[in-house]
Amino acid sequence: MARAAFLVRHGDRLDFAEPRWSASAQRPHDPPLSPDGVAQVRALARRLRPERIAHVFSSPFLRCVETAVLLAEATAGDVKIEQGLSEWLSAEWFPSPPATCPPAELYARFPRIDRAYESRGGARWGESGEDALRRSGDTAVRLAAQFAGDLLLVGHGASIRGATAGLLGVPAAESNRLLPEEIPCASLVRLAQRDERWTLELACDVSHLACRAEAARYR
């Protein structure tokens, strides 16, 4: 019996829409969704509502958690915070390990989060781009092996790229051929599994967004 994995990059982030936001933010590397990002994700939720998604997993970064919760409201009961889907923790991007919203605060804000879930993967500050692709790919493979039914994974450009390559069983570098160079926010990757083999059916589709020009803005 076939099943599906849906891979989603978070919606547009507040610091993309308001570049000055980071200067006074408590956690400048952990922005929430922008209002446009919320609208994008709601449009994607309407598209995914008919799907039979059994499990929703999210990177711990706030923009991904907000995206996952909005999608879970339309598709599934809870959200599992998965460290293996984290942002690429490049030392060039982050001068120190980036602070994210503490678990207690996430639990208080988002009752749909599964407090009992334990991450199957992990991210390490200072990792190379290849490391980030590999660990997100390994994480996706573990999740697919351990959880039955259709899966929804919410992450970042690098983790979506790595997860796609991991499930397809191809080298991470192959994802550059399979997915666009810039993965749009709130875009949808769909893979189908038949007879233990995954195939790519949609590569960063944005047809649920208002127009192609809008999709191109949010990268």
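Hello everyone. Before we look around, a word on what we have: this is a predicted model, in which local features need pLDDT of at least 70 and side-chain atom pairs count only at pLDDT 80 or more, while totals for chains, interfaces and linings use all residues. Residues are numbered from 1 along each chain as its sequence is written, and side-chain values use heavy atoms, with hydrogens and water left out.

Let's begin with helices. The names I use follow DSSP runs, numbered from the N terminus: helices are H or I with at least four residues, and strands are E with at least two. Two packed helices are described by the angle between their axes and the distance between the axes. Here the axes are lines fitted to C-alpha atoms, for helices over the stretch in contact, and angles run from 0 to 180 degrees between N-to-C directions.

Which residues of α3 and α4 meet? From α3 we have Val38, Val41, Arg42, Leu44, Ala45 and Leu48, and from α4 Thr67, Leu70, Leu71, Ala74 and Thr75. Contact means heavy atoms within 4.5 Å. By class, this contact has 8 nonpolar, 2 polar and 1 charged residues. In that count, Ala, Val, Leu, Ile, Met, Phe, Trp, Tyr, Cys and Pro are nonpolar, Asp, Glu, Lys and Arg are charged, and the others, Gly among them, are polar.

Now the second pair: α6 (129-146) and α7 (157-168). Their axes are 7 Å apart, and the packing angle is about 55°. That makes α6 oblique to α7. Again, the crossing of α6 and α7 is right-handed. On the α6 side, the contact includes Leu133, Gly137 and Ala144, and on the α7 side it includes Ala158, Arg161 and Leu167. By class, there are 7 nonpolar, 5 polar and 1 charged residues in this contact.

Next, the cores. A nonpolar core is a set of buried Ala, Val, Leu, Ile, Met, Phe, Trp, Tyr and Cys residues joined through side-chain atoms within 4.5 Å. Buried means under 20% relative accessible area, exposed over 50%, and partly exposed in between, using a 1.4 Å probe and protein chains only. The largest core has 29 residues, and those with the most contacts inside it are Val56, Leu71 and Leu152. The elements giving two or more residues to this core are β1, α3, β2 (53-58), α4 and β4 (150-155). Which element gives the largest share? That is α4, with 9 residues. Another core, of 20 residues, lies apart from it, with Ala5, Ala140, Leu167 and Val189 among them.

Leu152 is worth a click. Leaving out residues up to four places away in sequence, Leu152 touches Phe6, Val8, Leu48, Ile53, His55, Val56, Phe57, Leu71 and Thr75.

Finally, the loops. His10 sits between β1 (3-9) and α1 (14-17). Is His10 buried or exposed? It counts as buried, at 1% relative accessibility. Beyond four places in sequence, the residues touching His10 include Cys64, His156 and Ala186.

Ala186 itself lies in the loop between α8 (175-178) and β5 (188-194), and is buried at 0% relative accessible area. Most residues other than glycine have a negative phi, and most peptide bonds are trans. Yet phi of Ala186 is near 60°, a positive value. Asp195, in the loop between β5 and β6 (197-205), also has a positive phi, of about 55°. Asp195 counts as exposed, at 79% relative accessibility.

One last stop is Pro31, in the loop between α2 (21-24) and α3. Pro31 counts as buried, at 0% relative accessibility. Pro31 and Trp21 are 10 residues apart in sequence and 8.5 Å apart in space, C-alpha to C-alpha, and Trp21 is one of the residues that Pro31 touches.

Conventions
Angles under 35 degrees count as roughly parallel, over 145 as roughly antiparallel, 65 to 115 as roughly perpendicular and the rest as oblique. A crossing is left-handed if the near helix is turned anticlockwise from the far one by less than a right angle, and right-handed if clockwise.
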